[in-house]
Every structure is written in C-alpha cells, then in structure tokens.
Amino acid sequence: MTQSIIDVSCRFLAQNDKICLVCHASPDGDTVGGAFGLFYALKSLGKSVYVESFDGFPEKFRYLYPDNMEKFEPKHYVTVDVADVGLLGDCQKNLSFSLCIDHHEKNSIDARYKCVDSGAAATCEIIYSIVKHLGVKISRQIANCLYTGISTDTGCFRFSNTTPQTHKIAAELIESGAKSCEINFRLFEQKTKARLKLESLILKNLEYYFGDRCAIVFVTRDMVRQAGASETDFDEIASIARSPIDVLIGISAREVENCQYKVSVRSNQGASALNVCKFFGGGGHKMAAGFKISGDIETIKEKILQKVYEEIIH
Ligand SMILES: [Mn+2]
C-alpha cells in the first residue's frame, strides 16, 4: 500500500472530529478489533468518537470494547472492514462516508477517501499503520484489538494471506502488550457446548467419496436444533470437512430454509473450490468458495459429487 493513502487518511482523521466508526454485519474480530483499535487511538488524541454495529458486538469480543460509549450526532462516518453497503444495516446504507478502511479485493463503498489495501491480511494491519502514523503510542488496549483482528482473519496465522509483514506487526503488538496466548485460546480453542455438539453431529454425518479425496456433510435444521446452536456457532464450521488428511475437497451444505442449502466448499492444494462453485453460479476464493442450491439432499449430493469428481480427476 502506498504511503500516500495512509498520509491522506491520517490527515483526514487528525483534522476532523465527531467520528462514527462503522462495523459490518455479523461482526468478526477484524471489524470489531479494527474499529475499537482506532477508537482508542482517536480517543487518546482527544477526539469524540464512537463505534456503531447495527448487529451488536459479540460477547466473545467483550474484552475489546468499553462498558459505555457516549453517542452523539456524528459529522463523519468511517467504515472499517466493510466491503459493500450490503453488509450494513438499512439505516446505514445511504449514509455518506468520509473514509473507508478495508482490505477486501472487491471494495465497492462510495467514500470520499478510500484506504483499501487488498495485500493486507486484515484491516487491522492497515489500522496499525494509521495509528502509528498518527503518532499514537500503541497501548495494551489497542494492541489487543489489532492483534485480535489479525489473528481472526489469518485463522491464527495459518491462511495463505499471512505475510512476513503480518508476523512483524503481530510481534510488535505483542511487544506493546497484546495478550496473544489468551486471545488465540479464546478465538480458536474455546467453544460453546452447542458448538461442540454441532461438531460431533457433523463428524458423525461426514461421508467420504473418491478414495477419501472428498468429504461431504449436510447440516440440516434438525441437527442445528438438536445441538441448540446459534449463528455464532457456525464460524469456520466449513473447514471441518476439509480437515481429514487425504481430502482435497471438503463440502458442508447447511440447510437455511426448507430444502434450501448454503454450500461451502473448501479445497486443499491440488483442487479448486472455486471451480466447483462457479459451476453452480457461486463464487469466492480458490480454496474457499460457496453457492446456494435447493432440492432434496440426495439429488443435490449427486450433482455436487459429479462436479467434484471432474475437478479432482482431471
Ligand atoms: Mn477483514
């Protein structure tokens, strides 16, 4: 990312006040961590600032946000980790945005200033540069926020978006007091009972095909009910089907409405999840893609397996 975009963004933030930072729907660690990292930095400069999430802030990020936040009529809206207005609440969609800070490849937010770097593993990497450039000392609180975002979006530094720069920033955040072990334990090891029950049902129903090179599972509404799972229990659930050692393509099809399925496809080196999903009108990244389909389980399964067969036997 060019330094000048950071310069422009910092000049805007330094020269303006009464700022509302906006998070995306189903807020994750990057949007919440990024927004609050910047929130604490701007607060330390004496600014009036608050964070808005129309979807609320998940309990699992309770350690990142303050008990009370004073709201006011903002002069400026700044989006954090929001790729598209479709990820905002109805009352936010038509706001005029002063600054957009993001790392998604396709960012369609209409903002006066755009600070978008698709080479960054997380929006929190960009916020890190902004905070440093603003001359704000990275406090322990800011460090915890930014570390949470980076660890979230890199799947604990396992995904291919992780760069040497990612590790360098993470190291500096730990030096500034980020509680990396505690955060990673919370994010990647600790689970609700409902989530564990859901995982056990998924493992029980996982089917293998093509000499174990494909694993597929249908997550029905009945299974979700049985587990007592809620929306947050589905984070990264699609990766379970890809985890068995010989699997090239792992598929999880979640029933969202009666006989309507949201299909998540994950692939390992040597196969493209995206190829499979494109055929069904979906999209995504090479190793992680998805699509929607309706019908009965057996018919859908047959169609998907046919396409997977073509993808892995070519
Ligand atoms: Mn992100």
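The legends below describe a predicted model, first as a whole and then in close-up views. Local features are given for pLDDT of at least 70 and side-chain atom pairs only for pLDDT 80 or more, while totals for chains, interfaces and linings use all residues. Residue numbers start from 1 along each chain as its sequence is written.

**Figure 1. Overall fold of the protein, with ten helices and eleven strands.** Helices (H or I, at least four residues) and strands (E, at least two) are DSSP runs, numbered from the N terminus. The C-alpha trace spans about 60 × 40 × 40 Å along its principal axes. Of the 314 residues, 39% count as buried. A residue is buried with 20 or more other C-beta atoms within 10 Å of its own, exposed with 12 or fewer, and partly exposed in between, the C-beta atoms being placed from the backbone. Among contacts between residues at least 6 apart in sequence, 64% join residues at least 24 apart. Contact requires C-beta atoms, placed from the backbone, to lie within 7 Å.

**Figure 2. Packing of helix α1 (residues 3-15) on helix α3 (residues 123-133).** The two axes come within 10 Å and cross at roughly 60 degrees. Axes are lines fitted to C-alpha atoms, for helices over the stretch in contact, and angles run from 0 to 180 degrees between N-to-C directions. The angle makes α1 oblique to α3; angles under 35 degrees count as roughly parallel, over 145 as roughly antiparallel, 65 to 115 as roughly perpendicular and the rest as oblique. I6, S9 and C10 of α1 meet S129, I130 and H133 of α3. Three of the contact residues are nonpolar, three are polar and none is charged. Ala, Val, Leu, Ile, Met, Phe, Trp, Tyr, Cys and Pro count as nonpolar, Asp, Glu, Lys and Arg as charged, and the others, Gly among them, as polar.

**Figure 3. Packing of helix α4 (residues 140-153) on α6.** The axes are 10 Å apart, at an angle of about 45 degrees, and the helices are therefore oblique to each other. The crossing of α4 and α6 is right-handed. From α4, N144, Y147, T148, S151 and T152 meet S180, I183, N184 and L187 of α6. This contact has three nonpolar, six polar and no charged residues.

**Figure 4. S176 in the loop between α5 (164-175) and α6 (180-188).** S176 counts as partly exposed because it has 17 C-beta neighbours inside 10 Å. Apart from neighbours within four places in sequence, S176 is in contact with I138, R140 and A143. S176 and V224 are 48 residues apart in sequence, and their C-alpha atoms are 41 Å apart in space.

**Figure 5. Positive phi at E236 and at C259.** Most residues other than glycine have a negative phi. E236 has a phi near 55 degrees and sits in the loop between α8 (221-227) and β8 (249-257). With 12 C-beta neighbours inside 10 Å, E236 counts as exposed. C259 has a phi near 65 degrees and belongs to the loop between β8 and β9 (260-267). With 13 C-beta neighbours inside 10 Å, C259 counts as partly exposed.

Note on methods:
Two residues are in contact if their C-beta atoms, placed from the backbone, lie within 7 Å. A crossing is left-handed if the near helix is turned anticlockwise from the far one by less than a right angle, and right-handed if clockwise.
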